[in-house]
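Reader: I have a model open and would like to go through the packing. Can you take me through it?

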Amino acid sequence: MIKIFGYVRESTVQQAFFGYNIEEQKRVITEYCKYHYQDYELEIFTEMGKSARSLNRPELQNLLDTVKKAKADKVVFHSLDRLTRDIKDLYMLIEFFDKNKIELVSVMESLDLSTAIGRSHVFNSGVYAQLESERTSERTIRAYKQAIVEGKYPFPRCPLGYDKIDKKLYPSEDKQQLEIINFIFSNIASNTLNYVEVSEQIKKKFNYIMKDDTVRDTVNNKLYIGVMEYRGIVNENYCEPLVSKEVFEKAIKNCKVKKKSHWRVNYLFKNKVTCGNCRCMMIQTSGKGKYKKVYPYYRCPVCKRYASEDKLLEENKVYLQKLTNEYFNDSSGLNEKKSELEKIKKKQKNLTENAKRDLIDVDTFYDVFIHYSSQIENLEDQIETINLKNSYFGNLDTNMQKEIINKYVTELQVSFSPKKYKSKLFYSY
Ligand SMILES: [Zn+2]
């Protein structure tokens with residue numbers, strides 16, 4: 001009688017998306033043994049929720065110990081990627097099984113790794129690199145959509161304020177997370193703080209780092225009223241809401257209003273403002289006014305005089321609009337953005353190809369894929385704005401305002417008289 005050990009594995013992510021069902025893997029192994037052997041004993045080791053990135057998996061280690069002691073004849077598994085995704089680890093495993101005179105069989109790839117031919121096939125023909133070739137982004141998106149319809153949360157990172165239990169989201173057991181969410185929404189809804197200030201306060205109050213963009217994203221995330229949206233799919237009763245619709249809507253509205261005061265802290269005229277009295281480059285600084293609003297200023301380090309960005313913008317708005325019109329009429333900026341968009345789309349495509357060939361792990365793939373998607377969306381928005389060609393400078397987003405200023409403005413000179421100051425904008429195109 002021959003002793004056969006089977007090994008099956010699925011990670012939580014794969015289970016949800018690629019249908020690598022444990023039962024299916026077991027069935028394949030059992031059928032294979034029935035077909036190939038007559039007198040045998042089969043024992044299958046089941047690994048749940050572990051990725052193949054490392055060999056440090058309890059059931060795999062258990063298998064390695066057991067096959068050695070039990071003097072197993074064969075180890076059968078569904079496909080190579082169940083065993084490991086790392087070619088170096090595969091070498092090690094093959095060596096181990098070789099040393100213990102155990103045959104290694106991969107059913108799906110019809111490989112007998114105990115033979116030299118089987119091994120050279122794995123290492124030389126690129127079979128290994130082409131595993132899971134059916135794993136395309138299309139399939140991923142479909143699986144994501146399906147998960148969302150079913151009320152499951154398919155993404156790797158759990159949103160703040162929620163815990164993922166059995167693939168679904170529930171209000172977090174961690175009280176601090178709930179407090180932070182409440183802090184964000186209540187302060188922004190009541191207009192006490194803007195999202196930049198909320199970000200600063202979260203660090204002070206909760207010793208938790210949350211970038212201001214993340215705060216803004218949180219306020220805009222309908223998940224917190226229990227609604228999930230993903231690529232046209234909407235699940236209205238997705239999870240338990242953490243804030244009321246009323247508070248949520250107020251917060252969203254205020255977050256949009258605050259966006260304008262935020263771009264001002266970005267110093268639109270960075271490294272462009274000079275002092276007309278002493279010819280020094282003026283330094284950006286900021287002061288807090290009423291309602292904790294942040295006002296950006298430029299300061300001459302020699303003359304110790306200040307000029308407010310609001311006033312500089314107001315004084316030069318006619319010129320800035322002129323530059324904006326020029327920017328939108330000149331297609332070079334548009335072409336740059338278009339080629340950048342193509343580059344990122346290509347990167348995303350390559351990423352998908354690499355995922356198909358199993359060159360990167362699943363979690364990284366999802367994260368980077370989503371990152372590229374948001375970059376693409378952002379660029380497409382900007383291209384759309386440029387195509388409109390009738391934009392008002394004050395309505396553009398900060399990045400575009402800065403881009404226009406950086407492209408054309410050579411200097412913004414401020415001249416101080418004892419009680420007043422005046423500015424003059426120099427530009428070229
Ligand atoms: Zn000066």
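Author: Bear in mind that this is a predicted model. The largest nonpolar core has 24 residues. Those with the most contacts inside this core are Phe 269, Val 273, Met 282, Ala 307, Ile 404 and Leu 412.

Reader: Which helices and strands each supply at least two residues of this core?

Author: Strand S10 (273-275), helix H13 (317-329), helix H16 (398-408) and strand S14 (409-416) each do.

Reader: What is Ile 404 in contact with, leaving aside its neighbours within four places in sequence?

Author: Leu 323, Thr 324 and Tyr 327.

Reader: And which residues of H16 are buried?

Author: Met 400, Gln 401, Ile 404, Ile 405 and Tyr 408. Seen down the axis of H16, these buried residues fall within an arc of 135 degrees, so they line one face of the helix.

Reader: Why would spacing along a helix matter there?

Author: An α-helix has 3.6 residues a turn, so residues three or four places apart point the same way.

Reader: Now the sheet. What is the strand order?

Author: The order is S10-S14-S15, in an open sheet of three strands with mixed pairing. S10 and strand S15 (421-427) are the edge strands, each pairing on one side only. From one strand to the next, the twist averages 25 degrees.

Reader: Do S14 and S15 run parallel or antiparallel, and how many bridges join them?

Author: Antiparallel, with seven bridges joining S14 to S15.

Reader: Back to Leu 412. What is its bridge partner in S15?

Author: Leu 425.

Conventions
Residues are numbered from 1 along each chain as its sequence is written. This is a predicted model: local features need pLDDT of at least 70, side-chain atom pairs count only at pLDDT 80 or more; totals for chains, interfaces and linings use all residues. A nonpolar core is a set of buried Ala, Val, Leu, Ile, Met, Phe, Trp, Tyr and Cys residues joined through C-beta atoms within 7 Å. A residue is buried if 20 or more other C-beta atoms lie within 10 Å of its own, exposed if 12 or fewer, and partly exposed in between; C-beta atoms are placed from the backbone. Helices (H or I, at least four residues) and strands (E, at least two) are DSSP runs, numbered from the N terminus. Two residues are in contact if their C-beta atoms, placed from the backbone, lie within 7 Å. Two strands pair if DSSP finds at least two bridges between them. Axes are lines fitted to C-alpha atoms, for helices over the stretch in contact, and angles run from 0 to 180 degrees between N-to-C directions. The arc is that of the directions from the helix axis to the C-beta atoms.
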